[in-house]
Amino acid sequence: MSSFTVSVLVTFVSQNKTLIWNKYLLSLTKDQPVIRPGDMIQIPVESHDELFGIIKRIESKELFSTKEDAAAFAISLKIFTEFIVRDRETPLFRGFFPHLKKFMKELKSLGTQPADSPASSARLSAERLPRS
């Protein structure tokens with residue numbers, strides 16, 4: 001079981017631009033009757049994006065069979081992409097960054113075509129992911 005809570009909204013100025021950073025506390029607890037030491041972790045996460053808005057956009061694309069899967073995907077992807085973008089010149093990520101950009105463009109384009117477009121409805125139904 002995992003829970004997500006918003007902490008504080010912080011504003012800072014960088015290069016004459018005001019960026020708003022949303023701070024979150026990601027809590028992960030092992031879902032079992034007895035919780036042992038080490039079965040829980042809390043990770044502070046900062047993002048210029050409002051994660052609850054991203055979750056709603058992913059849910060609206062209807063790629064997953066449950067809202068929980070959509071939320072887990074959105075949060076995981078956002079945290080993962082923060083590392084890739086921040087460290088894109090690191091040898092481990094350098095070759096992956098162009099693929100991530102392409103993936104993100106494709107993900108964002110899903111559901112943006114007119115509803116009566118054959119490409120739109122076929123792509124969404126073909127790409128809907130079953131829950132295992």
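Here are a few exercises on this predicted model, each with a worked solution.

Before you start: residues are numbered from 1 along each chain as its sequence is written. In this predicted model, local features need pLDDT of at least 70, side-chain atom pairs count only at pLDDT 80 or more, totals for chains, interfaces and linings use all residues, and side-chain values use heavy atoms, with hydrogens and water left out.

**Exercise 1. Work out which elements the chain has and in what order they run.**

Step 1: Count them. You get five helices and three strands; these are DSSP runs, helices being H or I with at least four residues and strands E with at least two, numbered from the N terminus.

Step 2: Walk along from the N terminus, and the order reads β-β-β-α-α-α-α-α.

Step 3: Look at burial. Of the 132 residues, 23% count as buried (buried is under 20% relative accessible area, exposed over 50%, partly exposed in between, with a 1.4 Å probe and protein chains only).

**Exercise 2. Find D39 and say what it touches.**

Step 1: Go to the loop between β2 (17-29) and β3 (40-47); D39 sits there.

Step 2: Check its surface. D39 has a relative accessible area of 12%, so it is buried.

Step 3: List the contacts (heavy atoms within 4.5 Å). Leaving out residues up to four places away in sequence, D39 touches L28, T29, K30, Q32 and V34.

**Exercise 3. Describe how F64 and F73 pair up, then find the charge over F97.**

Step 1: There are three aromatic pairs in the structure (ring centres of Phe, Tyr or Trp, its six-membered ring, within 6.5 Å; planes under 30 degrees apart are stacked, over 60 edge-to-face, the rest tilted).

Step 2: One of them is F64 with F73, at 5.0 Å centre to centre and 40 degrees between the planes, which makes it tilted.

Step 3: F64 is buried at 17% relative accessible area, while F73 is partly exposed at 23%.

Step 4: Now for F97: R88 lies over its face, 5.4 Å from the ring centre (the rule asks for NZ of Lys or CZ of Arg within 6 Å of the ring centre and within 35 degrees of the ring normal).
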